[in-house]
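Open your viewer and get the selection tool ready.

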Amino acid sequence: MDLSDLHLVSASEAARLMRDGVISSEQLVEACLTQIHAVDDNIQAWAFLDPEYALTQARALDQHRLEGKPTGPLHGVPIAIKDIFDTADMPTEYGSPIHAGRTPSRDATAVALLRGAGTVIMGKAVTTEFAYLNPGKTRNPHNREHTPGGSSSGSAAAVAAHMVPLAIGSQTAGSTIRPAAYCGVVGFKPTHGLISRHRASPLSRTLDHVGMFARTIDDIALLAEQLVAYDENDPDTQPRARIPFTAISAEEPPLAPMFAFIKTPMWQRSDDETKEGFAEIVEQLGAQAEEVELFPSAHEGWQWHQTIMGAEVAHNFEREWQNSRVLLSAQLRAQIERGREVRAVDYQRALKQIAPLHDSFVELFEQRYDAILTPAAPSAAPRGLASTGDPSFCTLWTLCGMPCITLPLLQSADGLPIGVQLVGPRGGDARLLRTARWLSKKMAEA
């Protein structure tokens, strides 16, 4: 096998090759480090990377396997961790000078689960400041003059540039789906509360989700299986039966899926290439896609999201606001100021809208649809690095806690990816991956 191409191998294939003894984790990590050395000066996806420590982890995992000890499903596979998740052996600085040099004593629950699955924690991926809007140093791998999106910018870019096959991030509005779309990888935001956020820097308990990045749906399914677990430290997780993501996502649907093409009031923000691309997809799907008007009660969802996020961000950053305000970006200071003005009655009213709003979508799915089809963003990645782009095509689904996946199925005239987003009902995560696989195959055959 040509070891120089190992960085191109998917996580699922790499795990299989290691189980079969064809390659070692050390060889895979070395290939990824070679790729990082070749491309990261232009992309800057990493907030922390210690090559020798990554290799030390890999060698220990190889020795573990050679001794015949049990191995996890992702044994030896390198993964990038967004720098808002605590790592006991690496700094976690939240993309802020306020926490420069911060070294946690324990792992975030998601990181601990990944270690248990056998991954090599390659390093910490760049995040925007506290996973909000102020951009980090990362650039888009397809064109370094364009944004990679945010807030999980380093995670998306590292996977897109073949530095690692997997990464985790987060989403409070569009922070997984948007950078995945801009960077041309598969991004997955699961149902709210499915994955623990314990010891990850919080923006909003109501809206925060753990997100995933990979280059294939198979890899997303494999990664999701390792992360979904009850954690008493995250009150939004619940005990549940194990979800067989890999098996369900690989199945053929019993019937060809039906898609509800919903433009939402944000459609007017879409550029012509996005509109034309979705018109082509709907035409290719034929009878399997129907345009559906968003019900009027959902039109206030963006305002409800803003109210909830503002109030909860102001609460979560009270210490930084009081002690280190001058070190916060102008964007985050403005958000905190807005949040401090939110009235309790308005906050509670917005919270109470989420359940009936989602119930309306459940009715839509139960009528005849397997997934909502909608853009991941208004366009391909915008030129310029002062902004991470527009999250408005993700906001409503994040508010409802519904699972979302973006697929790199379209491309702009200048070669930048355009993401196609699918949305499912809460708890329908594995079936959503199955539907995404069907759509990917359908578009490949077109």
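Start with Gly21, which follows helix α1. Its phi is positive, near 75 degrees. Helices here are DSSP runs of H or I with at least four residues, strands are runs of E with at least two, and both are numbered from the N terminus. A word on the model: it is predicted, so local features need pLDDT of at least 70 and side-chain atom pairs count only at pLDDT 80 or more, while totals for chains, interfaces and linings use all residues. Residues are numbered from 1 along each chain as its sequence is written, and side-chain values use heavy atoms, with hydrogens and water left out.

Now step back to α1 itself, residues 11–19, and color Ala11, Ala14, Ala15, Leu17 and Met18: these are its buried residues. (Buried means under 20% relative accessible area, exposed over 50%, partly exposed in between, with a 1.4 Å probe and protein chains only.) They cover an arc of only 165 degrees around the axis, so they sit on the same side of α1; the arc is taken from the directions from the helix axis to the C-beta atoms. An α-helix has 3.6 residues a turn, so residues three or four places apart point the same way. Show α2 (25–43), α3 (51–66), β4 (166–171) and α7 (217–227) next, as the buried residues of α1 pack against them. Contact means heavy atoms within 4.5 Å.

Next, select His192, in the loop between β5 (186–189) and β6 (209–214). Is His192 buried or exposed? Its relative accessibility is 19%, so His192 counts as buried. Leaving aside neighbours within four places in sequence, its contacts include Arg197, Arg205, Asp208, Asp236 and Gly401.

Which residues does Ala200 contact, leaving aside its neighbours within four places in sequence? They are Ile84 and Phe85. For contrast, draw a distance to Glu251: Ala200 and Glu251 are 51 residues apart in sequence and 33 Å apart in space, C-alpha to C-alpha.
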